[in-house]
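These are my notebook entries on one structure. I record what I looked up and what I found.

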Amino acid sequence: MTNRTNSWRAGLQRGGIELRHILRNGKEMSGHLTNVVVALLVAAYIDDDVPGTRTPMTHLVLAGFAAYLLFQVGLINLPQILVTEREEGALLRLRATPGGIPAYLVAKCLLVVVMALGTLALLLVAGALLADGPLPHGPGAWLTLLWVTTLGLLAVVPLGAAIGAVLPNPREALALIMLPTMGLLLTSGAVFPITSLPVPVQHVAAVFPLKWMAQGLRSALLPDSARTAEAASSWELPMVALVLTAWAVLGFLLAVPLLRRAARRESGSRLSARHRKAAQSGALPV
């Protein structure tokens, strides 16, 4: 019990330090701001209504981008952070630290959750002020926004950690992750009604968490009449909770053993060999 408490305490302290570092790093912050700006620009050029409803398509797009930004932080940003730190020797140092892996995971979860919530809040507030975007109406909608966001992050953050544990290197990580995530963005009903897609595509998208994250956030942000544009003409909130919980459990079952395996495989010779290879390719200074 004491070891777990120490791991949580060390993880929270480390996460706080990393958060302060990011907030002081203009380059890091500009990347998250760029995502919000892109979402607002896309929404600003859309003036139609969601087919079959009187809900502005702008609202659907902003709700979908809100889900995608949460998804992106967990499944793109986090794996890149993990792979980069592995290349810098962070996992090798964790091998000699009691409770190092759990504390490391706590720190990364804190970092990603705060980044995701900050980006989400910025998008919703900026969208409401600049593009007449949607906000929850009533306590029930706010509660739905809270639990969908929480479950959505629980579904993607451990999965992102598991992916980061097995990716080869930072140079290939982005290429390997970006194409599948962009494909999910286009097929999960995040930027246009999912009913406009072929039924087989809808069935494939329903396996992954982004579709359900976007649907859950639409239920919190859009009027109830907009549910007629959903595949089942319903928000299906119990199914949203079920699928996101299943992905959260799967992610946790994969993340810790894969990170421990990656840490066990680390050695000084492996790290030196990767640095020599990176230097030869020009990715690092010789």
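In which hand does H3 pass H6? I found that H3 passes H6 in a right-handed crossing; a crossing is right-handed if the near helix is turned clockwise from the far one by less than a right angle, and left-handed if anticlockwise.

**Entry 1. Ground rules.** I noted that this is a predicted model, in which local features need pLDDT of at least 70 and side-chain atom pairs count only at pLDDT 80 or more, while totals for chains, interfaces and linings use all residues. Residues are numbered from 1 along each chain as its sequence is written, and side-chain values use heavy atoms, with hydrogens and water left out.

**Entry 2. The whole chain.** I looked up the elements and found eleven helices and zero strands. Helices (H or I, at least four residues) and strands (E, at least two) are DSSP runs, numbered from the N terminus. Buried residues make up 47% of the 286 residues; buried means under 20% relative accessible area, exposed over 50%, and partly exposed in between (1.4 Å probe, protein chains only). The accessible surface of the chain comes to about 14,200 Å², and 67% of that surface belongs to carbon and sulfur atoms; such areas come from the Shrake-Rupley method with a 1.4 Å probe, and for residues only the protein chains shown count as cover. I then looked at contacts, where contact means heavy atoms within 4.5 Å. Among contacts between residues at least 6 apart in sequence, 77% join residues at least 24 apart.

**Entry 3. H3 and H6.** Two packed helices are described by the angle between their axes and the distance between the axes. Axes are lines fitted to C-alpha atoms, for helices over the stretch in contact, and angles run from 0 to 180 degrees between N-to-C directions. I read that the axes of H3 (residues 57-87) and H6 (residues 139-166) come within 8 Å and cross at roughly 30°. H3 is therefore roughly parallel to H6. Angles under 35 degrees count as roughly parallel, over 145 as roughly antiparallel, 65 to 115 as roughly perpendicular and the rest as oblique. On the H3 side the contact includes Leu70, Phe71 and Gly74, and on the H6 side it includes Thr149, Leu153 and Val156. The residues of this contact of H3 with H6 divide into 15 nonpolar, four polar and one charged. Ala, Val, Leu, Ile, Met, Phe, Trp, Tyr, Cys and Pro count as nonpolar, Asp, Glu, Lys and Arg as charged, and the others, Gly among them, as polar.

Entry 4. I next looked up H9 (residues 209-221), which packs with H3 at an angle of about 135°, their axes being 8 Å apart. That angle makes H3 oblique to H9, and the crossing is right-handed. Among the residues in this contact are Leu60, Ala63 and Phe71 of H3, and Leu210, Met213 and Arg218 of H9. By class, the contact of H3 with H9 has 13 nonpolar, no polar and one charged residues.

H6 and H9 pack at an angle of about 165°, also with axes 8 Å apart. H6 is therefore roughly antiparallel to H9. The crossing of H6 and H9 is left-handed. The contact of H6 with H9 comprises nine nonpolar, five polar and no charged residues.

**Entry 5. Single residues.** Is histidine 59 buried or exposed? Histidine 59 is in H3 and, at 14% relative accessibility, counts as buried. Apart from neighbours within four places in sequence, histidine 59 is in contact with Asp132, Gly133, Pro134 and Leu222.

Threonine 181 lies in H7 (residues 170-187) and is buried at 5% relative accessibility. Threonine 181 and phenylalanine 71 are 110 residues apart in sequence, yet 8.6 Å apart in space, C-alpha to C-alpha. Not counting residues up to four places away in sequence, threonine 181 touches Tyr68, Phe71 and Ile76.

**Entry 6. The loop between H9 and H10.** I found alanine 226 in the loop between H9 and H10 (237-265); alanine 226 counts as buried at 5% relative accessibility. Alanine 226 and glycine 52 are 174 residues apart in sequence and 8.4 Å apart in space, C-alpha to C-alpha.

Serine 233 is in the loop between H9 and H10, and its phi is near 55°, a positive value in a residue other than glycine. At 41% relative accessibility, serine 233 counts as partly exposed. Glutamate 236, also in the loop between H9 and H10, has phi near 50° and is partly exposed at 24% relative accessibility.
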